Amino acid sequence: MPFEKSEKIWMSGKFVNWDDANIHILSHVIHYGTSLFEGLRCYKTKKGSACFRLQEHIDRLYDSCKIYRMEIPYAKQEILDACLETIRVNKMEECYVRPVVYRGYGDVGVNPFNCPVEVTIAVWGWGQYLGEGALDKGVSVRVSSWARMAPNTFPALAKCGANYMNSQLIKMEAVKDGYMEGIALDVYGYVSEGSGENIFIVNDDVLCTPPLGASVLPGITRDSIITLAKELGYEVVEQLIPREGLYIADEVFFTGSAAEITPIGYIDKIPVGDGSVGTITKQLQEEFFAITSGEKEDRHGWLTYVREAIPA
């Protein structure tokens, strides 16, 4: 999955060259995984470049840090403004935006309190997360042998770097077995999510997605799709989904800032429906991308323009 580097990265209030954005090898984050982060897309629209649900992503970043007792040394508005400024400085019309809050160099023990809280923001060009053509043709996935963490071990509601060690196991297993992605079950055997995506199934025109109690990240694209599906007249239910529910669903798709709305064509080599992109999945894709491209009105105020939007 190639990506396009930008020129500058924002680090604790200053811009540095991409290749000079370094931290100390004994930084706490390297040894103990103490990073909280976000990922969102900036889209090229008819009215200029715009970040999708920037405020909600920054809100979630602060929530994640609160869970891990990490006080960000900047106000929310400062981080929001820094995200927009990083896009402007790099002169990117569309990109992926990655704010990261982490424990830096200060102590080498597990106790993080003596380590400073640092913030960095990077942007880069990123195509289709699950491979070229994934949005149009769908992807083949497997149910992972690795389960999501139990609710009383790691907080799934926090987007923490340490949680993604679990995601890496899911992803590597899938890739080594010839699949594009894996689907994890929770500790009780119910469907949880992909390595970096939420998941929906469709049966008889009803959309189902696992509840937050199934060790899933509260996805912002997930929330957007729930809203759009209801506006299109579909019933949306958050409920536990047994593994076999994946095999007999009419449609299955991933959602995420990176994955957007990616159809799933095969699960464990069993076709989802007829193996092609489902009608409702396609309809949701069209509605989502119509908003992010500016073709349709941003009726929910989801777009934050990098520069002031041109009036319609």
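Let's start with the lining of the second largest pocket: by class, it has 10 nonpolar, two polar and one charged residues. Keep in mind that this is a predicted model. The space in this pocket comes to about 400 Å³. Thirteen is the number to remember for its lining: of those 13 residues, Ser 35, Arg 98, Val 100, Tyr 102 and Thr 120 lie nearest the centre.

Now for the largest pocket. How much space lies in it? About 620 Å³. It is lined by 33 residues, and the closest to its centre are Phe 37, Lys 159, Tyr 164, Ser 195 and Gly 196. By class, this lining has 13 nonpolar, 13 polar and seven charged residues. Which element gives the most to it? That is α5, with five residues. Elements that each supply at least two residues here are β7 (95-103), α5 (163-176), α6 (220-231) and β15 (251-256).

Take Ile 25 as our example: you'll find it in the loop between β3 (14-17) and α1 (28-32). Is Ile 25 buried or exposed? Its relative accessibility is 59%, so Ile 25 counts as exposed, because the cut-off for exposed is over 50%.

Methods. Residues are numbered from 1 along each chain as its sequence is written. This is a predicted model: local features need pLDDT of at least 70, side-chain atom pairs count only at pLDDT 80 or more; totals for chains, interfaces and linings use all residues. Side-chain values use heavy atoms; hydrogens and water are left out. On a 1 Å grid over the protein atoms alone, a cavity is a set of points where a 1.4 Å probe fits but cannot get out, and a pocket is an open set with protein on both sides within 12 Å along at least five of seven lines; lining residues have an atom within 4 Å of a point. Grid points are joined across faces, edges and corners, and a volume is the space filled by probe spheres set on the points. Helices (H or I, at least four residues) and strands (E, at least two) are DSSP runs, numbered from the N terminus. Ala, Val, Leu, Ile, Met, Phe, Trp, Tyr, Cys and Pro count as nonpolar, Asp, Glu, Lys and Arg as charged, and the others, Gly among them, as polar. Buried means under 20% relative accessible area, exposed over 50%, partly exposed in between (1.4 Å probe, protein chains only).
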